[in-house]
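Let's take a walk through this one together.

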Amino acid sequence: MGSAQVRQTSKGKLPRWLTSEHPLPWLFPVTSILVVFGLYPVLYSLWLSFYKRNPATRTEKFLPSWNWNKLIGDERVWDAVTVTFTYAAIALTIQLVLGMLIALLLDSDRRGFGLFRALMTLPLVVPPAVTGMMFLLMYDSSFGVISNALYSLNLLSPDHPILGSGSTALWGVIVADVWQWTPFMVLIMLAGLRALPKEPFEAASIDGATAFQSFFFLTLPMMSKIIALAVLVRGIDLFRIFDYVKVMTDSGPGTATETLTAYAGTVYFKSANFSYASTVALATLILVLVVSTVFIKVFKIRF
Amino acid sequence: MPSSASKSVLRYLVSIFVVAVFVFPIAWFALTSIKPISAVFNKDRVVVFDFKPTFDNYRVTVLGGEKENLVGGQSASMGTSGKGAYDGRGSIMSSLIIAVSSTFLATFLALLAAYALSRMKFWGSQGYLNWVLSQRFLPPVAIIIPLVFIFHDLGLRDTHLGIIIAHTLINIPIALLLLKSFFDDVPIEIDQAAMIDGATRFQCFYLVVLPMIRGGIAATAVLCFIFSWTEFILSLFLTNTIRTIPVKITTFVTSTGSEWGYISALGTAAIIPGFIFILLVQNHLVRGLTMGAIKD
């Protein structure tokens, strides 16, 4: 289609760098943005983390190990690591299991299921901050629809607001995350299910395999790559969780829902200790990079 | 099989229930946005449908109307009372400007890089891709503090351009990997044929290959738009007066109470563009969300 057009366009009118065969001009704009606003800030963070801030005089002094030692000895950091891992593990497990079940449920060509699948994608486009608001409204201890439903089922007492009690606050945030991101898993699992070859399942059912057997011995192993990928993409986002916590609980009550990113934000906003905030933020980055690199290597994921 | 009919009815019912559970929070939010204050803040019971619908919340937040004086009325919160504090027009405008510009920038720049990475085999290309991917995994907090300083020095703090750059930054890795997967679908023989016919690299890219992946570019642009539209943490840190919608909404929550009517109205309005767009790209959604790793 294009070749006739191409021949008519005169050569040489375009600037030299655009006609080059070298990849550099093609990669240059993207690379420069990623370096200036992505890589440089990380190095800047690292450099900041080498300075000790004196809150009284508001000055900084070069002491490379100070903040990192403080980080290791900071109990709040370890609490935040625990909260982050707990949050990520619980949310990921629920989303994975629910996502698979719902995908199996909606994987049908009958009338109406296309609409069901389309409706399932809607939570994905809600801004997470708005999601947080939606759940805040539904959790409200006096007029929240979820709280009132739980009251009438005797599962919750009005003295213990969902997000105001240390024992339930994290669950409250996880529910919002599960609501928003289970559809992500459903979509990926559906794509996986639809790509499965038919023959092994026909053979298995002729040999008398039950539905459970073909699910566990055929579907799951054949989808392992896709499941690993879904876990990776979702898992990293869970480690970076910030929006829900900030909007819904602001790390509270106390530090019951304080994740690493939220703690970094708190240090930044409340104590203006930029060096230490950078150190905590870098710790999150290191954690994410280590976990994801190991995961990519183990499951041999390629993009 | 005698039970197959009842099985399929059961499957319908369970599916409807599951979908309803996932749609409910949005529906409830939208419903709240047209409730009068007395129905939202009813402390005795949860008001579901028995209220007189009002569009007052939209009038104030989306159209910038005056907030009604509620002397003797039932206002549960005193909240921010400054004039125009609940006027969301500025934030809608900001969100639109930022989302459209950063989508355009990210898609355009990523197209160039994705084409090169798909077509030219050069030393370090896999390493380059891995580096781009690692940018996708970067927690925003890790760069946010230096970005505040850098933006301050460059005069980008609290400007539209600043947030546009920040959103372009987070969208480039996604757009690049996704577009590369679309370019990879086009056989390289097409480029070779075009170049034998005398096309330059750029002509081959612009006139031959680009039109073939139009659908993919549209899907990429839609996803970039949604990511920018919904982004929160960078906009929160990098602005004071220019507020994108997600950040603006959180200012409606105050220590004395939350203006649920206004929150739900602006929130519902903020969801609508995403709904329309995501229904347009259903075909490429999975590929987009996995950055091209799963092809649909």
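**Helices that cross, and where to look next**

Start in chain A, where α5(A) passes α9(A) in a right-handed crossing. Keep in mind that what you're looking at is a predicted model. Helix α5 of chain A covers residues 75-106, and its axis comes within 6 Å of that of α9(A), crossing at roughly 40 degrees. An angle counts as roughly parallel only under 35 degrees, so α5(A) and α9(A) are oblique to each other. Sort the residues of this contact by class and you get 20 nonpolar, four polar and one charged.

Now stay with α9(A) and look at another partner. Helix α9 (residues 169-195) of chain A also packs with helix α12 (residues 224-239) of chain A, at an angle of about 160 degrees and with the axes 10 Å apart. That angle makes α9(A) roughly antiparallel to α12(A), since anything over 145 degrees counts that way. The crossing of α9(A) past α12(A) is right-handed. On the α9(A) side, the contact is made by A:W181, A:F184, A:M185, A:I188 and A:G192, while α12(A) brings in A:I226, A:A230 and A:R234.

Is A:G235 buried or exposed? A:G235 is buried, because 21 other C-beta atoms lie within 10 Å, and 20 or more is what it takes. Leaving aside neighbours within four places in sequence, A:G235 is in contact with A:A88 and A:L92. A:G235 and A:V291 are 56 residues apart in sequence, yet their C-alpha atoms are 9.3 Å apart in space.

One more stop in chain A is the loop between α8 (145-152) and α9, where A:N154 is found. A:N154 isn't a glycine, but it has a positive phi of about 60 degrees. A:N154 counts as exposed, because it has 7 C-beta neighbours inside 10 Å.

Next, zoom out to where the two chains meet. The contact takes 85 residues from chain B and 81 residues from chain A. Which helix gives the most to the side of chain B that touches chain A? That's helix α1 (residues 4-33) of chain B, with twelve residues. By class, this side of chain B has 63 nonpolar, 17 polar and five charged residues.

Chain B has a few spots of its own worth a look. Helix α10 (residues 214-230) of chain B has 17 residues and reaches 24 Å from first C-alpha to last, close to the 24 Å expected at 1.5 Å a residue. α10(B) is mostly covered, with 13 of its 17 residues buried.

For a contrast, go to B:D153 in helix α6 (residues 140-154) of chain B. B:D153 is exposed, because there are 9 other C-beta atoms within 10 Å. B:D153 and B:A114 are 39 residues apart in sequence and 31 Å apart in space, C-alpha to C-alpha.

B:D158 has a positive phi, near 60 degrees, and is a residue other than glycine. With 15 other C-beta atoms within 10 Å, B:D158 is partly exposed.

Definitions and conventions: Residues numbered from 1 in each chain as written. Chains lettered and ligands numbered in written order. Predicted model: local features only at pLDDT ≥ 70, side-chain atom pairs only at ≥ 80, totals over all residues. Axes fitted to C-alpha atoms, helices over the stretch in contact; angles between N-to-C directions. Helix = DSSP H or I, 4+ residues; strand = E, 2+ residues; numbered from the N terminus. Parallel < 35°, antiparallel > 145°, perpendicular 65-115°, else oblique. Left-handed = near helix turned anticlockwise from the far one by under 90°. Contact = placed C-beta atoms within 7 Å. Nonpolar A, V, L, I, M, F, W, Y, C, P; charged D, E, K, R; others polar. Expected span 1.5 Å × (residues − 1). Buried ≥ 20, exposed ≤ 12 C-beta atoms within 10 Å, placed from the backbone.
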